[in-house]
Amino acid sequence: MEASWEVSVTDSINTIYLLFSAYLVFVMQLGFAMLCAGSVRAKNAMNIMLTNVVDAVVGSISYYLFGFAFAFGTDSNPFIGTQFFALKDIPNSSYDYSYFLYQWAFAIAVAGITSGSIAERTQFSAYLVFSFFLTGFVYPVVAHWVWSSSGWLSPSSNALLFGSGAIDFAGSGVVHLVGGIAGLWGALIEGPRVGRFDAFGKPVPMRGHNATLVVLGTFLLWFGWFGFNPGSYAKILVPYPDSTDQGNWTGVGRTAVTTALAGSTAGIVTLFGRRLLVGHWDALDVCNGLLGGFVAITSGCAVVEPWAAIVCGFFAAWVLIGLNILALKLKFDDPLEATQLHGGCGAWGLIFTGLFAKEEFVIQAYDSGESGVTRPHGLFLGGGWGLLGCQVIEVLVIVGWVSLTMGPLFYALHKLRILRISVDEEVAGLDISSHGGYAYAAHQEETPRFYADYMRLQNRS
């Protein structure tokens with residue numbers, strides 16, 4: 001009786017921990033909304049806020065109906081799950097409602113990443129289509145590969161790829177690289193915003209209208225990341241058998257530390273790096289650098305030492321800076337730098353894990369610290385090429401899968417003329433042309449304040 005009570009208490013505490021982590025991850029939706037709103041021009045603020053809401057509500061339905069089943073259906077299919085549609089047979093011995101909620105919070109974050117890449121020029125109906133498809137099918141398939149015990153890339157599989165499986169603990173690849181590559185195809189097919197590059201191909205600055213919202217959004221995302229990364233343990237009360245005072249609670253604390261250190265390092269490096277390049281201290285660049293560090297450490301947060309997290313953040317900052325320079329040279333327009341940040345830093349995070357993962361921590365994260373177990377680990381720590389090979393393969397297959405699915409979808413929307421708004425609507429702003437008025441009561445007098453004013457101008461022309 002006493003043993004049964006102890007098990008019940010342990011399960012309850014683990015459930016509370018997972019639910020609290022899910023709530024933290026959901027707070028990241030508010031962070032995304034603030035970051036996006038501050039990063040666009042004032043005439044598009046209402047539109048970008050509404051798209052963030054749509055990403056959540058549409059993603060909720062699609063993930064409930066299809067996404068969770070494709071991601072975590074417990075069968076022997078290594079490519080896609082085929083059980084638990086609309087949460088049928090949930091809860092069971094493997095998953096309960098709290099686990100669904102936690103994974104749902106991850107799923108709706110993916111569409112938010114992609115929305116940032118195509119901001120300020122996309123028809124609202126297109127958001128509905130791609131958000132449903134990305135959250136309900138494209139992302140869950142990748143999640144199944146890496147996070148389901150039957151996935152072909154999973155480090156928990158019975159048939160480990162290269163004897164290792166890919167380590168993507170909280171989703172540098174599964175979440176961020178997927179969202180970044182989807183955004184890449186959307187932005188490429190739509191093309192740059194009107195006026196982003198002049199007649200000679202030189203970039204014209206289009207800075208966001210509210211740095212306060214950007215900084216607020218960044219701190220909210222930072223707060224949420226403490227659910228995103230440490231919460232991926234799913235259970236906190238799991239003692240390690242070869243230790244009397246360590247368990248998952250130790251790993252949770254270390255994961256929070258590595259997360260904070262990687263982000264902070266990337267923020268500092270971006271601060272001084274951009275100061276050297278542009279000649280002033282830029283708060284918005286620092287915020288994106290900080291987020292780039294978080295994205296990169298998300299893969300290896302549970303399996304690296306704190307000092308390695310600093311290395312991760314240092315290089316993540318330069319990956320982001322370099323990709324932003326390249327994007328301008330190629331006339332690629334991503335208003336929130338989502339492709340460069342989530343795609344580029346996400347890919348770096350996977351490679352970093354293959355170089356710096358520590359065997360002891362890998363065993364703790366994936367074998368609950370079991371004694372006598374050996375695992376491939378980071379190349380630079382003497383772990384061989386197995387893990388790094390799996391990490392490279394994860395990068396390649398995610399790029400290929402998302403390109404194969406989201407590229408044709410965006411192209412089809414483009415051909416059907418339901419992807420990009422007209423030039424007139426874009427110049428006027430999506431708030432007035434699509435949503436009936438501006439997000440702010442006070443606006444420039446020379447621009448129409450209400451939808452009726454906008455229509456009168458349209459009729460005159």
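Is Asp 285 buried or exposed? In this predicted model, Asp 285 has a relative accessibility of 13% and therefore counts as buried, since the cut-off for that class is under 20%. Its salt-bridge partner is Arg 274, and the closest N and O atoms of the two side chains are 2.9 Å apart. Because Arg 274 belongs to helix H7 and Asp 285 to helix H8, the pair ties together parts that are eleven residues apart in sequence. Arg 274, with a relative accessibility of 21%, counts as partly exposed.

Two packed helices are described by the angle between their axes and the distance between the axes. For H7 and helix H8 (residues 283-297), the angle is about 145° and the axes are 7 Å apart, and H7 passes H8 in a right-handed crossing. On the H7 side the contact is made by residues including Ala 260, Gly 263, Gly 267, Leu 271 and Arg 274, while the residues contributed by H8 include Asp 285, Gly 289, Gly 293 and Phe 294.

Side chains of opposite charge can pair when their charged atoms come close. The count of salt bridges in the model comes to twelve. One of them joins Asp 333 and Arg 196, with an N to O distance of 3.4 Å. This pair links distant parts of the chain, 137 residues apart, as Asp 333 is in the loop between helix H9 (306-329) and helix H10 (338-356), whereas Arg 196 is in the loop between helix H5 (172-190) and H6. Both residues are buried, Asp 333 with a relative accessible area of 2% and Arg 196 with one of 15%. Asp 333 and Arg 196 also belong to a network of salt bridges in which they are linked with Arg 41, Glu 120 and Arg 193. A further salt bridge is formed by Glu 426 and Arg 420, whose closest N and O atoms are 2.9 Å apart; here Glu 426 counts as buried at 3% relative accessibility, and Arg 420 as partly exposed at 24%.

Pro 230 is placed in the loop between helix H6 (211-228) and helix H7 (248-278), and with a relative accessible area of 3% this residue is buried. Beyond its neighbours within four places in sequence, Pro 230 is in contact with Tyr 17, Trp 225, Val 252, Thr 255 and Ala 256.

Val 9, a residue of helix H1 (residues 2-39), counts as partly exposed, its relative accessibility being 31%.

Key
Residues numbered from 1 in each chain as written. Predicted model: local features only at pLDDT ≥ 70, side-chain atom pairs only at ≥ 80, totals over all residues. Heavy atoms only, no water. Helix = DSSP H or I, 4+ residues; strand = E, 2+ residues; numbered from the N terminus. Buried < 20%, exposed > 50% of the residue type's maximum accessible area, 1.4 Å probe, protein only. Contact = heavy atoms within 4.5 Å. Axes fitted to C-alpha atoms, helices over the stretch in contact; angles between N-to-C directions. Left-handed = near helix turned anticlockwise from the far one by under 90°. Salt bridge = Lys/Arg side-chain N within 4 Å of Asp/Glu carboxyl O.
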